[in-house]
Amino acid sequence: MSLLDQESRSAPPTKESSRRPSRWASRPWVRDALFAVAALVVAFLAILPGRDGAGPSISLMQLVASMAAMTVAAVGLNLLMGYAKLVSLGQGGFYAIGAYATAWLVLDGGWPPLLAIAGALALCGAVGAVVAVASMQLRGPQFSVITLVLAILVERILNEGAPFGRLAGYPNHAQHGTTALPPIEILGSTLEPPMIANTVATVMVPVVVVTALVVIASRNIARSPWGSSLSAIGESEMLASHLGVDVFRRKISVFVLASVFGGLGGVITTLSFAHLQPETFDIFLTITIVLAVVFGGSGTVLGPLVGAVGIVWLEQSDILAQLGDLQQEYISPQWYLSTPGLVGVLFVLTLFLMPRGIVGTLGGLVVGRRQRAEVAEDDGAGLQGTAGLPAEADAVSDAAVDGHSPAGRTGEPLLVMSGVGKNFGGLKAVADMDLTVDRGEIHAVIGPNGAGKSTLANLLTGVYRPSSGTVRFAGRAITALAPHKVARAGVARTFQTPQLFHDATVLDNVLAGFPDTGRTPLWAAALKPPSRYRRDAEMRAEAERLLHLVGLTEFAGLRAGELPYGKQRALEIARALASQPELVVLDEPAAGLLATETAGLGDLLISLRTHGYALIVVEHHMDLVARIADQVTCMDQGRLLSRGTPQQVLSDEAVVSAYLGKPMEEHP
Amino acid sequence: MSLEVDRLECGYDRAPILHGVSLQVGPGELVAVVGSNGAGKTTLVRTIAGLLTVRSGDLRVDGSSFARTSAARRARTGIVMVPEGRRLFPQLTVGENIEMGRRAARGRTGGEDPVTALLEAFPILTERWDQQANLLSGGEQQMVALTRAVAARPRYLLLDEPSLGLSPLKTLEVFRLIEMIRERTGAGILLVEQMADQALQAADRAYVLELGRVSMEGEAAEVRASDEVRRAYLGVAG
Amino acid sequence: MDALVLGLVLGGLYALLAQSFVLTFITTKTLNFAVGEFVALGAFVVLAVAGWSWLPDVAKVAVGVLVAAVVGAAAYRFLVLPFMTEGEHDVRWLLSTVALSFVMLNLITNVEGPSPQRSETARLSGAVDVLGAGVSKQQLLIAALAVVVTVLLVVASKKTSAGLVMRAVSQDPETTSLMGVSPRLVGMVTYAVAMGIAALTGTLYAATVGASPVMGAPLLVASIAVAVVGGLSSLWGPLLGGALYGVLSEVTSYEFGAIWGETAGLLLVIVVLVWRPQGLLGRRTEVKL
């Protein structure tokens, strides 16, 4: 499941279609298996013409090898740029490192081929990790700049560095006595590159199999909770961390993964061509990889494949050269564009005309029909679930309540903040605040603007590090923990303006709230073991239960951005609950709601209390506070002004004069 | 002589948000637009200010259409908006913020500087003149935002949720300031508000916006007294 | 010592070009990756008018600057502005300016040929002795110009109403439009000024190494590095970044060879970004919830 991946977008059960019989083809594992088989079949079909090694097929096999290398590199870049929205211009650098390191380790290092490949990929990963750590705090253009700097640096070293002679290529006669790497042997078989007529290009088999596997793995990753975490990072890093994602480590992981894929593209080049020309690893290469992703469709599973195949075909065919000739003939012998310029023009045209790329655009055209079809399909799977839902739902919610009841009680209240303060420069935003909240309690925090309410919420959830004081939650200290750790400890939150994935469905938004988003390991995401399928089904059932709880069942298949504002609030609460929190912090949940919607929100919050959740509600709507809160804390200028039951606080003289302006009164 | 919105339609991407909204604001008149979030209130003022494009329908001031002009040009002709969330330039000083407001009044100078009166009424503005805007409290920021708009010499002033995020006490102050601006500048004011009760008390006339359509219009007091509004926006049962 | 002086002078060259990145970044939050080609464009335009003997050298340079400014403004209007509409995550402009760089480089190469051509316009010959190091007058001129341009920009930004508008646009373009100022126009003017600076750099630089299509490429890398080290949001940044980068890379290449000079400079970028992501003099932008 990925939040932004169109192809994976699925519509949940609706009443009309839930009576359809189940179809085996709709089972997730069957679909995955079909995709894998299809990928391998396509891969083998691509190398079928080269099976006898006949002369004419050699150039075709070289073309396939180039496409495969570009595809692998583009798939890696897509994870980074399509999902996590980190536009790297350094992929060509990793491609070059992978290519040269393999050749160099084999030729000059005398390493066994497999070890050399592993070494080259490890080097890519290591360089990727260093660059990732260096650039983690950067976003947007600065990130792109730093990755571009890397690519340029690699290019310079390859062009001017000692063993890689510029015009001679690598290897070269002067230094190595040969211009071609010897074919490598793996497991007793020689992997011949597509170079010599009547020699079967055996290397093509592993090349296309690896490419297919990379595509399959990237599809699994994109649709896993791991992939969702990338989309969440792409949307907002702050939000991702509140969903329990260790943003720093996750960004490093995805960058390293993309680097290794980039390097793997280079390895494929080395194995297939047995000779490397430094000038082919220039800035043009790195940009071509970016173009492949954009052209094919960034953020889609098949986009990088389609883009890479298309771009390589275009660059190696005569079309661009002929276009150049045509211009020279008809426009001017001097004022014309040849291949690099035409690729630039193609790039701009893609951005103008097909911003979502080929796959994204086609996907957009068929998505409506596809969604309708999937409603029917998925419903089959949903049927058994729906039949057992009520009982199951009760069981789950009982379990949730159990989780909060006696076993969890240590005698200490759930949340204890004591003496917490926060200074910004000289400004004391919060000073010496105490706050205690127990399970099954709604604690409202009110006060004038700038009183420090939001700061308090941010101190609790780890956005800010307290300048003083301690925070204990469920018996352990969570003072100054990072937001993702606070989230994992069992504190979920909502925001003043709902932070949703607007283009993803309502259901997918809830699914992103599960702890899996932050906790699924990469290997499990890529390999998708059977346990993943079971867990996906569980999560889906639980998400549907939560949607039911907040009254959004019928909207499950809608894009979150299409929900009315009040329902977006409810959705955000459902997503917060998906993380199985004990405490939910709601920052002005009634802001922007109609009076009627506010009443509904009140009902929902009260029902959450009966389910055993503890709630902290930062609010301005006094009617709501008076109705739902067990305890009210009124803050003013960062300090406690008044505390007690709603009646006590709202009639407190100090509160009235500092905040309310007039006593609470009935509406006319 | 008025600001006229004539069968306005507009929206983001594919989804239309306003379906043929018509309304008028006369000089010196305070007109409130109330409605739920998502009804299109913010879209309405942003379209009038020129931040969103008109899909069909027309916008006129004193009879001449300005539906196709840029936001900057509209501001220079005196159609001035105070955006939701105040949107002061955070790293400019109070004085520089107000100076930016004056840029919209280039070519329309003369007479008394409208800012002077506000500075006299609110000495805090002069005190904070050289302070960076993001260091002000929410209430003070709203005061600066309104002063900045006055510096632009508005003929028509569009206010988008001026009470948003303010405490009840500060909200009252802001409404008093709006009242004062109307008296001093004689500008027609279009006030879009979530706080329906206060907006309707302050306004002369009012429109209720529901799902992108005007569902009710009339004297503010009448609108406020109607059953539908009392039930839906004022939270009165019954 | 020689390397130190030469590094400072070289840093001046990078700083001058880095100013064009900083300018566009401050007002529009975008960078023009085709700056290298604007450097070449300026040099070749000046080369084209070099034969107009009735025109003084200063005016010839002005022609090059003007042409680049017009092309720069058009580039912003048609290749940057349409690709920055979807918020701060939208970096399509980055791809479109890279594409522009390909097209311009390809076109200039096809028209002018790849090899360097000698440029005599605005050329100071000879060298002077600075603290024992021989520095060419032309390089010194460029470095001095970097300081002058920086001071002018800083004063303009603080003291003039255009500067106020520029700072306002950098903080909130939409609200600026509500103040009667068109952010699009401000962006075009900034791009014009920034590409004018690039062309100026190109003209003066061409007088030392000759005009060639790829002459901007090495400058591009170094000046991006300089701008990032100094801080993309600081007008003073390029001078500091230029001095550090120039000295470090020059001293390193003097000791270990040219390839390591550049490597050291780029490693400096990485170190600075880890330590201060906003650059040495940059302003940290607060993440707001």
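Colleague: What makes you say that chain C touches chain A, and how many residues are involved?
Modeller: In this predicted model, 36 residues of chain C are in contact with 38 residues of chain A. Contact here requires C-beta atoms within 7 Å.

Colleague: Which elements of chain C supply at least two residues each to the side that touches chain A?
Modeller: They are α4 (92–112), α9 (216–230) and α11 (258–275) of chain C. The largest share, 13 residues, comes from α4(C).

Colleague: How do the residues on that side of chain C divide into nonpolar, polar and charged?
Modeller: There are 27 nonpolar, 6 polar and 3 charged residues on the side of chain C that touches chain A.

Colleague: And how many residues of chain C are in contact with chain B?
Modeller: 13 residues of chain C are in contact with 21 residues of chain B. On the chain C side, α6 (161–171) and α7 (173–178) are the elements that give two or more residues. The side of chain C that touches chain B divides into 5 nonpolar, 5 polar and 3 charged residues.

Colleague: Why does the radius of gyration of chain C agree with that of a compact globule?
Modeller: For 289 residues, a compact globule would have a radius of gyration near 19 Å, and chain C has 19 Å, so the value agrees. The C-alpha trace of chain C spans about 55 × 45 × 35 Å along its principal axes. Buried residues account for 60% of the 289 residues.

Colleague: What is the order of elements in chain C, from the N terminus on?
Modeller: Chain C has 11 helices and 2 strands, and the order is α-α-α-α-β-β-α-α-α-α-α-α-α. Of the contacts in chain C between residues at least 6 apart in sequence, 75% join residues at least 24 apart.

Colleague: Which residues have the most contacts inside the largest nonpolar core?
Modeller: That core has 390 residues, and the ones with the most contacts inside it are V149(A), A574(A), L190(B), L191(B), A225(C) and V269(C). Leaving out residues up to four places away in sequence, A225(C) touches V149(A), Y245(C), G265(C), L266(C) and V269(C). In soluble globular proteins, nonpolar side chains tend to be buried together.

Colleague: Why is G297(A) called buried?
Modeller: The cut-off for buried is 20 or more other C-beta atoms within 10 Å. G297(A) has 29, so G297(A) is buried. G297(A) lies in the loop between α11 (283–296) and α12 (303–316) of chain A.

Colleague: What is G297(A) in contact with, leaving aside its neighbours within four places in sequence?
Modeller: G297(A) is in contact with G303(A), R356(A), G357(A), I358(A), V359(A) and G360(A). The C-alpha atoms of G297(A) and G82(A) are separated by 8.3 Å, although the two residues are 215 residues apart along the chain.

Colleague: Where does D432(A) lie?
Modeller: D432(A) is in strand β4 (residues 427–437) of chain A. Phi of D432(A) is near 50°, a positive value in a residue other than glycine.

Note on methods. Residues are numbered from 1 along each chain as its sequence is written. Chains are lettered from A and ligands numbered from 1 in the order in which they are written. This is a predicted model: local features need pLDDT of at least 70, side-chain atom pairs count only at pLDDT 80 or more; totals for chains, interfaces and linings use all residues. Helices (H or I, at least four residues) and strands (E, at least two) are DSSP runs, numbered from the N terminus. The radius of gyration is taken over C-alpha atoms; the globule rule is 2.2 Å times the number of residues to the power 0.38. A residue is buried if 20 or more other C-beta atoms lie within 10 Å of its own, exposed if 12 or fewer, and partly exposed in between; C-beta atoms are placed from the backbone. Two residues are in contact if their C-beta atoms, placed from the backbone, lie within 7 Å. Ala, Val, Leu, Ile, Met, Phe, Trp, Tyr, Cys and Pro count as nonpolar, Asp, Glu, Lys and Arg as charged, and the others, Gly among them, as polar. A nonpolar core is a set of buried Ala, Val, Leu, Ile, Met, Phe, Trp, Tyr and Cys residues joined through C-beta atoms within 7 Å.
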